[in-house]
Amino acid sequence: MRVGVANLWCLAIGATLLGACARDCTEVGCLNGVGIDITQQFPVELLPVESTTCADKICNTQKIEIGQAAPGRTTFGIGPSVVLNADHEQDVKVSVVIRSLSTGEALISASGIAHLVRSQPNGGSCGPTCYGTSLAYDAASNTLVEQQ
């Protein structure tokens with residue numbers, strides 16, 4: 001009988017401790033990929049433009065048309081990104097080309113190395129787990145650099 005009581009006692013303590021430590025997972029999501037911060041603004045007269053961002057041999061192309069510029073603005077910004085099928089921390093080569101479709105001129109053509117970092121926005125015991133990072137365009141060196 002003592003063994004049974006002792007086992008029940010351990011089970012009761014374990015359930016209480018487990019209940020005190022358990023928490024509900026939130027539903028914050030995340031994406032695998034690389035975002036690029038380009039602080040440079042471009043004159044609206046350059047529209048339309050096409051932005052092609054590549055990372056780990058996966059590319060994303062987006063067009064910004066004249067009608068997409070905010071009314072009354074004389075400049076527009078671009079924040080290109082690419083979604084990856086990442087499943088671990090790794091370094092990936094990233095490139096971005098922003099081209100005026102009316103003139104064919106490359107407004108920006110830069111590359112750099114991104115280190116994908118593990119992210120668990122809901123905590124270590126909750127999903128999802130994603131791998132991504134942000135780079136910044138450095139106009140002085142015409143490269144993409146890790147954001148601090």
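Analyst: Let us begin with a turn in this predicted model. In the hairpin of β7 and β8, five residues lie between the strands, and glycine 104 takes a positive phi near 80° there.

User: How do you know that β7 and β8 pair?

Analyst: Two strands pair if at least two bridges are found between them. β7 and β8 have ten bridges in the antiparallel sense, so they meet that condition. Within this pairing, valine 97 stands opposite serine 109 in β8.

User: What makes β3 and β7 a pair?

Analyst: The cut-off is again at least two bridges, and β3 and β7 have seven, also in the antiparallel sense. Here valine 49 stands opposite serine 100 in β7.

User: Why is threonine 53 called buried?

Analyst: Buried means under 20% relative accessible area, and threonine 53 has 0%, so the word applies. Threonine 53 is found in strand β3, and the residues that it touches include Ile36, Pro80 and Val94.

User: Which residues of the largest nonpolar core touch the most other members?

Analyst: Of its 28 residues, these are Val34, Phe42, Val49, Val94, Ile98, Ile108 and Leu144. The largest share of this core, five residues, comes from β8.

User: Where should the predicted coordinates not be read in detail?

Analyst: That caution holds where pLDDT is low. Over residues 1–21 pLDDT stays under 50, and the model has zero contacts there beyond four places in sequence. For the protein chain, the mean pLDDT is 83, and 82% of the residues reach 70 or more.

Conventions. Residues are numbered from 1 along each chain as its sequence is written. This is a predicted model: local features need pLDDT of at least 70, side-chain atom pairs count only at pLDDT 80 or more; totals for chains, interfaces and linings use all residues. Side-chain values use heavy atoms; hydrogens and water are left out. pLDDT is the predictor's confidence in each residue, from 0 to 100. Contact means heavy atoms within 4.5 Å. Helices (H or I, at least four residues) and strands (E, at least two) are DSSP runs, numbered from the N terminus. Buried means under 20% relative accessible area, exposed over 50%, partly exposed in between (1.4 Å probe, protein chains only). A nonpolar core is a set of buried Ala, Val, Leu, Ile, Met, Phe, Trp, Tyr and Cys residues joined through side-chain atoms within 4.5 Å.
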